[in-house]
Amino acid sequence: MGKAVALASSGKRESKFHGRVEGHERHCSQPGCAEAGEFRAPGERRPGFDGPGDWRWFCLDHVRAFNTSYNYFQGMSSDEIEEAQTPYGGWERQTRAFSANGSPPPKWADFTDPLDAIGARFRRGPEQRKDGRELSEGDRKSLRVLGLGTDTDRRALRERYTELVRRYHPDRNGGDRSHEKALQAVIEAYTQLKSRPAFA
């Protein structure tokens, strides 16, 4: 049968051909051939919505002959052929657009692993203010200290500061100084925020 199916010293066929499926009792689909059908080829029914389609099984010589004469586009109309050849085949339906949240994408050069760069590109950024005013990381940290959201205005900032100072000040707590650290953090946060452009 030639080099392709030469018997090895152990008495078994060499399995050097990609796609060979051994161990099944299939006969070659070519009429009159008694060889084992070890190579799969497309059948009459194409893959589609209803399933993967039919398969035929050939011996090595007949699968080579099948591959030589196989025409994927056989039976298709010119419109179907054009649709199958478009580089966008399978991408016809609309997909949602990815948002960059108004920030420029990261530079590829900043990453050693491309997957890290892709993850950073689509990672959700920090919550933005509705009025569009910028908040630094220090601003956000101070807002967290005061227990305020990103859309807080100057008036709400002042009211919250007054409330927390009354709560933590020793004069309001019978001389209890256990909240001095919290009071200091509140004063620092308010001092930092009141001069920021977002609260002007």
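Me: Is E38 buried or exposed?
Reply: This is a predicted model, and the accessibility discussed here is computed from it. Buried means under 20% relative accessible area. E38 has a relative accessibility of 8%, so the residue counts as buried.

Me: Where in the chain is E38 found, and with which residue does E38 form a salt bridge?
Reply: E38 is found in the segment before β1, a strand that covers residues 39–42. The closest N and O atoms of the salt bridge are 3.3 Å apart, and a polar contact of 3.3 Å also joins the two side chains. The partner of E38 in this salt bridge is R20.

Me: What distance separates the C-alpha atoms of E38 and R56?
Reply: E38 and R56 are 18 residues apart along the chain. The separation of their C-alpha atoms is 9.8 Å.

Me: How many salt bridges does a search of the whole structure find, and which residues are linked in a network?
Reply: Side chains of opposite charge can pair when their charged atoms come close. The search of the whole structure finds 9 salt bridges, including one between D131 and R129, where the closest N and O atoms are 2.9 Å apart. The network of salt bridges links R129, D131 and R133.

Me: Which accessibility classes do D131 and R129 fall into?
Reply: D131 has a relative accessible area of 44% and is therefore partly exposed. R129, at 7% relative accessibility, counts as buried.

Me: Over the ring of which residue does the charged end of R129 sit?
Reply: Besides its salt bridge with D131, R129 takes part in a contact between a charge and a ring. The charged end of R129 lies 5.3 Å from the ring centre, and the ring belongs to F199.

Me: Which residues does T152 touch, not counting residues up to four places away in sequence?
Reply: T152 is found in the loop between α4 and α5 and, at 8% relative accessibility, counts as buried. A polar atom of the T152 side chain lies 2.8 Å from the backbone oxygen of G149. Not counting residues up to four places away in sequence, T152 touches R129, L143, L157 and F199.

Me: With which residues is T150 in contact, leaving aside its neighbours within four places in sequence?
Reply: T150 is found in the loop between α4 (137–146) and α5, and its 13% relative accessibility makes it count as buried. Leaving aside its neighbours within four places in sequence, T150 is in contact with E127, Q128, R129, L135, R140 and L143.

Me: About how many helical turns separate R167 and E163?
Reply: Their side chains meet in a salt bridge of 2.9 Å, N to O, and both count as partly exposed, R167 at 41% relative accessibility and E163 at 37%. Because R167 and E163 are 4 residues apart in helix α5, their separation is about one helical turn.

Me: Why is the pair of Y161 and Y190 stacked, and which helices hold the two residues?
Reply: The count of aromatic pairs comes to 3. The rings of Y161 and Y190 have centres 4.0 Å apart and planes at 10 degrees, so the pair is stacked. Because Y161 and Y190 lie in two helices, the pair ties together parts that are 29 residues apart in sequence, the helices being α5 (residues 154–168) for Y161 and α6 (residues 180–194) for Y190.

Me: Which residues form one aromatic cluster?
Reply: Both Y161 and Y190 are buried, but the cluster asked about has other members. One aromatic cluster is formed by F58, F66 and Y70.

Me: What pattern does the protein follow along the sequence?
Reply: The secondary structure of the protein comes to 6 helices and 2 strands. Read along the sequence, these elements follow the pattern β-β-α-α-α-α-α-α.

Definitions and conventions
Residues are numbered from 1 along each chain as its sequence is written. This is a predicted model: local features need pLDDT of at least 70, side-chain atom pairs count only at pLDDT 80 or more; totals for chains, interfaces and linings use all residues. Side-chain values use heavy atoms; hydrogens and water are left out. Rings of Phe, Tyr and Trp (its six-membered ring) pair if their centres lie within 6.5 Å; planes under 30 degrees apart count as stacked, over 60 as edge-to-face and the rest as tilted. Buried means under 20% relative accessible area, exposed over 50%, partly exposed in between (1.4 Å probe, protein chains only). A charge sits over a ring if NZ of Lys or CZ of Arg is within 6 Å of the ring centre and within 35 degrees of the ring normal. A salt bridge is a side-chain nitrogen of Lys or Arg within 4 Å of a carboxyl oxygen of Asp or Glu. Contact means heavy atoms within 4.5 Å. A polar contact is a pair of N or O atoms within 3.5 Å; within protein, one must be able to donate a hydrogen and the other to accept it, and residues adjacent in sequence count only if both atoms are side-chain atoms.
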